[in-house]
Amino acid sequence: MSAHWSAWLLAAIVGLPLAMLLVCIWKGIRERMLPLLAVAPVPALAAALVAADAPPFVLGQGRVRLTLALDFPGSILLGVAALLWIVAGAYASTYMRDTPNRGRFAACWLMTAAGCLGVFVAADMVALYLLLALLTLGACGMVMHEETPQAWRSSAVYLGLALAGEALLLLGMVMLAQATPGGSLLIRDASAVLPSLPQRDVILALLVVGLGLKAGLVPLHVWMPLAHAAAPVPASAVLSGAVVKVGLIALGRFLPFEAALPEWGLALTAAGLFAAFYGVAIGVTQAHPKAVLAYSTVSQMGLIVAVLGMGLSAKETDAPLAAAYYASHHVLVKGTLFLAVGVYAATGARRAWPILVPVTVLALSLGGLPLTGGALAKYAVKGPLGEGLAGVLANVSAAGTTLLMLHFVHRLRRSASGEPGATAPVGLLLPWALIAAACIAVPWGMYLSVPGGTVANPLAPNALWAALRPVLAGAAIAFALDRWGGPLPRVPQGDIAVAIDAAVGVAPKWGGRLERADEVLRQWPAASLALLVLVIAFGVAMWTSG
Amino acid sequence: MPPMTTTPGGLLLVLAVLVPFVGVLAAFALGGRNAQRVAMGTMLAGLGIAIAVAAAVARSGDALVYLLGGWGVPLGIALRADGLAVVMILAVAVVIVGIGAYARADFGTPPGVREARAPLVFWTLLLAIWGSLNLVFVSGDLFTLYVALELLTFAAVPLVSLDGRAETLRAALRYLLYALLGSILYLLGTVLLYGVYGTLDIALLAARVQPEPATLAAAALMTAGLLAKTALFPLHLWLPPAHAGAPPAASAVLSGLVIKGSWFLVVRLWFDVFPDVVTAPSAQLLAGLGAAAILVGNVVALRQARLKLMVAYSTVAQIGYLFLMFPLALDPASARLEGGGALAGGMMHAVSHATAKAAMFMAAGVIYAALGHDRIAGLAGIGRVLPVSVLAFTLGGVSLIGLPPSGGFLAKWLLLAAAVATGQWWWAAVMLVGGLLTAGYVFLVLARALASGAEAPALRAPIPRSQEAVALALALGSMLLGLVAFTGVHLLGIGR
Amino acid sequence: MTDAATLFGLLAAALVGIGLYALIVNPQPLRKIVAFNVVGNGVFMLFGAIAHRGAGSGWGGDPVPQALLITGLVVAFPASALAIALLLRLHDVAGSATLATDAPAPVSPDGKAADA
């Protein structure tokens, strides 16, 4: 009997947000849904805490079945993501209280939550695709919420790229499903059979591009700064915090870590480390604090992908767990920092310090400030990254992250509220404080369950010094840039997204040509002649090799 | 090999064809308001018969056969319902009932008038289309199929020009002439086949057909003629003005169902009569035309200024998907067309498109009646006054894009699997690009409808809630059609 | 007997060709309708030639194609009738009967297309 209820708890992870979404059809309920948003992720949190060993939840009898199951890395990410969704939901009920269309926002929020939390437990390919599609639609709705021209553009870029990525992912999954023995659609079975397939490289390429787009791997990251900066603050918090992790968890499940694939591992590691530095380089040129944070997400996602890549090339099956631990710290910290942007904007300069100090500490923890969760996270991924070039580069990127985070704090300070004595409402402060505390408490609490973890190791003096070095280096670079560096070049938000604008600009010309061709073909002589030509063409086609 | 004698339950096939036509005669004879009442009753009866046919086929596990007059083939005429026919009969019945429910508000005879032209014609011809479609699905020989095809065209053409404007009359005349050109080519092919093989019965022909010059000519003529009736690119000249100019209920039936009749015939011919005759190049040619339809149709749809024209061009594009399945069903080992995943994908796409496109035309019709125009640029804020219709339009569009759990997604999965299995990557790429382009115009309309900057537009006339409800129901049906994969029911393979 | 059948078959092919040419080339709808009838007659003549060729012992011709031919005539007749009816109506409404491709349809003003 106990097995029974925990499987239903897995179903409720997706079921509760979907049920709440269903009742949003009625306008009266929809308008009052905002305060209830924090309730939707509660089954997810409960499942992460108590149902880690739950049997899978299976829906359907035919050959095609939806399966939801929880593995250990998934449960870590599910728990912190659920926490972030709850906190952000509580935050949103105050922050979005007065905005028009809050009913629409609540509906999109629930769609995104259902999709995001569901992917962490999706065990078969159809469920994964279904939840990713739901997630994309909901996130698109949240990005365009404010309906400024920038929001429209960001959501269009996001939707187009997301759908393109999902199309490639679909093709890869169909190829995998064809090759899996017994017609099983489980990701676990597909991943097991993947290394031995003749089309292994094509499938891996499709999966990496499709899921990398969701995770923001350079150069597929262009939607991220646009979308995360354009969305309202609580939406950006969950988008940058939880939603980008779905690409990572899916990648971690598809990649065959039991088989050593050195070329693919090298490629992923290289791409990830490149992204880690690229995000920093572009991020320091941005002015808007949300854009800086978005580029920091690009950078951190790159690092996590590099961890997965090193694990893939060295046949380390623990790499997904280490990556999940690192990602869980990022979920919490990035969510806190985004929410802080909203809190700080409502706080006057005189009351700013109680907000600013924790924000600075947490921001630096992303770079690995000793004694914070970030240091633990960096220590946990030291194993997969190894001592070679990848490890060294990862250390250097920690310095870069510190630099970027100091730049963020610098930009944040300029966005304080006009009234010196203003304080943010309790509805914003309380959730923010809760998740800020979680940033420290949760990584420390979980550290013992991650491999390579004993309490003594990260507290050893040389470990503390090793963690402090990159932070000091980053701080030094920041100071030097501030003092002696000239103004940095202005890079537009979304950097290479300008290429998309150029492509979109040329499209109407080709569209016009096709339309004129269509008009020509729709003249009676052309169409009837085409009919006769087709008769002959079919005759010839059936005659050749017939 | 399907059975060659009348099976128990075969009478249902006769009823499936006769009941709508009896309804036509009764509606025309009784006239006035009674036409609508007769139509309603006939629709319920017809739906019941369709369900009974499906149940009989599923229960017996074999095709239903009825020999007209008890005379055996080749002299007599056989009606046959295998899995393919049953699926189409069911789908058509459901959509027709939905369209009937929708059209009650538009085509009611006004009070104080004994008989009005448009409602009488609409209800009569709706039943006639239904009967002709059923005849197309169950006919067992090629000449009966010709008669059914002509009946279908004659019933569909007047619906285009129902409002009597010059532009729709022109569209109807163009449709009729082009369709007649197509069917006369089909008849020419039939004549050639009779001349060579001495029979037109599908089952007998399947056994006798050889790749001779006359057979190749017949296959080419019949295929091309049917493509003209199905409006596959580049033979689509009549479709956009006809479907955009017709009243919304008529557009729904034209785009959703009438097109599927001639498409079903191509499937019948290629899979049942000519599986050994069609070659890889001809299948690739057919799919190539389909790919061109997808590309051109979607791009031109994106550029339309009017909603109904956009939906009509979307039909042009979706018809292309229906023809992508032919090379994917070609078994490379035996070099003949085998039913299987590709056939299932094509059928699923046909059914899903029928429901989704009907819903989209219904929603567009509601918007037109509410605003007095259907300019896409003028749709700003309509989502607030007509949320149900916008939702129906969006769900129908999402099904066409192919997002789960819609029928369009299941169809795309099956076709992609077939493309991967036969190594024909290019068709997979075409399908994925088509999905992206479809997403383009669906979200264009949705974004316009949800824009909150403008004031909510005023409604010209009150909209009957039943119309929006029917549109939403059909759209939901299309969205949930993919769930049939979970039920494990296999109808398509019966009797093949 | 075979010669007659072959001759009529060739004539039928010629009719079909002439009809198709006229159907493609003539812009006036009435001529298209006439051309369609010419093509139809060609096809029916082909039916007749096959009936003649397929004559068994004692019969003058295969009865099945004759039945099909008659049915085809019955189907082609309402086709022409419907086409001409549409043509006449178009002439009444528009004043001229041409199938010139429509210009992009202007937005219908209120009051028109009451059944939309």
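Residues are numbered from 1 along each chain as its sequence is written, while chains are lettered from A and ligands numbered from 1 in the order in which they are written. Local features of this predicted model need pLDDT of at least 70, side-chain atom pairs count only at pLDDT 80 or more, and totals for chains, interfaces and linings use all residues; side-chain values use heavy atoms, with hydrogens and water left out.

Chain A contains 23 helices and two strands. Helices (H or I, at least four residues) and strands (E, at least two) are DSSP runs, numbered from the N terminus. Along the principal axes, the C-alpha atoms of chain A fill a box of roughly 80 × 55 × 50 Å.

Of the 546 residues in chain A, 60% are buried. Buried means under 20% relative accessible area, exposed over 50%, and partly exposed in between (1.4 Å probe, protein chains only). Among contacts in chain A with a separation of 6 or more, 82% join residues 24 or more positions apart. A contact means heavy atoms within 4.5 Å. The accessible surface of chain A is about 20,200 Å², and carbon and sulfur atoms hold 70% of it. Accessible areas come from the Shrake-Rupley method with a 1.4 Å probe; for residues, only the protein chains shown count as cover.

Chain A carries 31 positive and 22 negative charges, and their mean positions lie 8 Å apart. Lys and Arg count as positive and Asp and Glu as negative; His and the chain ends are not counted. Each charge is placed at NZ of Lys, CZ of Arg, CG of Asp or CD of Glu.

Chain C has three helices and zero strands. Its pattern along the sequence is α-α-α. Buried residues make up 39% of its 116 residues. In chain C, residues 24 or more positions apart supply 55% of the contacts with a separation of 6 or more.

S80(C) lies in helix α3 (residues 63–94) of chain C. S80(C) counts as buried because its relative accessibility is 10%. Neighbours within four places in sequence aside, S80(C) contacts I33(C), F36(C) and N37(C).

Over all chains, 17 salt bridges are counted. A salt bridge is a side-chain nitrogen of Lys or Arg within 4 Å of a carboxyl oxygen of Asp or Glu. In chain B, D82(B) pairs with R268(B), with the closest N and O atoms 3.1 Å apart. This pair links distant parts of the chain, 186 residues apart: D82(B) is in the loop between β2 (78–81) and α3 (83–106), and R268(B) is in helix α10 (residues 248–273). D82(B) is buried at 7% relative accessible area, and R268(B) is buried at 5%.

R465(B) and E468(B) form another salt bridge (2.4 Å, N to O). Both lie in helix α18 (residues 465–480), three residues apart, about one turn of the helix. R465(B) is exposed at 54%, whereas E468(B) is buried at 1%.
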